[in-house]
Amino acid sequence: MKRQGALVLLGALVLLASCARSPLKGGKRIADNVYWRLNVLGEGEDRPGDDDSVLVRVRMMRPMAPPGSLYSSERWFAMGTERGTSFFFKRLCQGDSATILMPAGLVPWVDLGAASPAPGTDTGWVQMELSMREIRTPEQSQALKQAALMARTQADEERIIRTFFERDTIPWKEAMGIWYRLDKPEDRGLRIQSGELVTLAYTASFLDNGQVFDEQAEADGGLTFRLGDPGQVIKGLEAAAHLLPANGGSGIFIIPAELAFGPRGSSSGIVPPWTPVMYRVAVVPRKSVPGA
């Protein structure tokens with residue numbers, strides 16, 4: 001209520017001082033040839049910061065034309081990266097709406113997601129209506145993103161795999177429930193057998209975005225385990241080891257959730273449920289292993 005009362009008083013003073021010289025009725029000048037009018041005061045108290053995300057309804061039109069006749073959208077914007085829109089958004093609290101009047105050449109068309117007119121072809125005035133629907137802090141955005149990941153289903157996994165293969169046109173082979181490409185497919189050396197000790201160096205990433213979530217570097221000794229012993233590695237990595245030459249072969253392997261971290265994801269929470277993964281794997285040759 002304090003904020004509302006102060007803004008009403010401020011608006012009245014601005015109106016009295018500037019309405020005669022503003023081309024936007026009841027508006028005030030906030031930059032050269034840019035005029036602003038607050039239409040609705042929401043219940044929010046805080047304005048968005050540079051790290052926040054905002055859900056904003058945008059409607060563009062010529063003065064006196066129907067709202068949205070030039071452009072209409074409602075979407076999320078990143079405050080820190082879309083500087084042209086942030087100049088206006090930072091003036092709004094959640095629930096506020098405002099009207100801005102400016103020449104077409106000053107409109108941040110690209111940041112708004114609209115097609116920009118060719119330079120110099122449009123010198124008319126444009127009216128923009130903004131409604132601040134929601135403001136999210138980085139922490140809130142991350143929490144919602146994580147919740148969505150943890151709610152993944154088998155249908156999500158199928159979509160991720162299908163999208164990957166639609167974009168990747170290089171042929172993949174399939175065996176033992178995984179897809180693979182060996183770096184040297186002509187290598188006919190002996191394959192690793194169950195019961196043998198093997199050392200693998202690998203980089204594990206999510207299939208949909210390429211983000212690395214696990215790594216065992218050869219420089220650090222890799223990961224050594226006895227192939228076939230339960231609980232050592234995911235089933236898909238065991239399958240990859242069976243497909244690699246023991247003399248130091250390497251390749252890329254796509255492993256579905258069934259042979260990776262399953263319908264519940266990893267126990268650490270790093271890998272969400274129903275998540276297909278990609279492993280780049282190399283066999284580290286072993287000169288001598290006690291007990292092998």
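Residues are numbered from 1 along each chain as its sequence is written. In this predicted model, local features need pLDDT of at least 70 and side-chain atom pairs count only at pLDDT 80 or more, while totals for chains, interfaces and linings use all residues, and side-chain values use heavy atoms, with hydrogens and water left out.

**Exercise 1.** Work out in which order the six strands form the open sheet.

*Solution.* Begin with the terms: helices (H or I, at least four residues) and strands (E, at least two) are DSSP runs, numbered from the N terminus, and two strands pair if DSSP finds at least two bridges between them. The order is then β1-β2-β5-β6-β3-β4, with antiparallel pairing. Next come the edges, which are β1 (28-31) and β4 (71-78), each of them pairing on one side only. Finally, neighbouring strands of this sheet are turned by 30° against each other on average, direction ignored, where axes are lines fitted to C-alpha atoms, for helices over the stretch in contact, and angles run from 0 to 180 degrees between N-to-C directions.

**Exercise 2.** Follow strand β3 (residues 53-61) and find its bridge partners on either side, taking β4 and then β6.

*Solution.* On the β4 side, eight bridges join the two antiparallel strands; Val 58 has Ser 73 as its bridge partner there, and Arg 57 stands opposite Glu 74. Towards β6, which also runs antiparallel to β3, there are nine bridges, and here the partner of Val 58 is Leu 130.

**Exercise 3.** Identify which strands helix α4 (residues 138-150) touches where it packs on the sheet.

*Solution.* With contact meaning heavy atoms within 4.5 Å, helix α4 touches β3 and β6 (125-136). The direction of α4 makes about 70° with that of β6.
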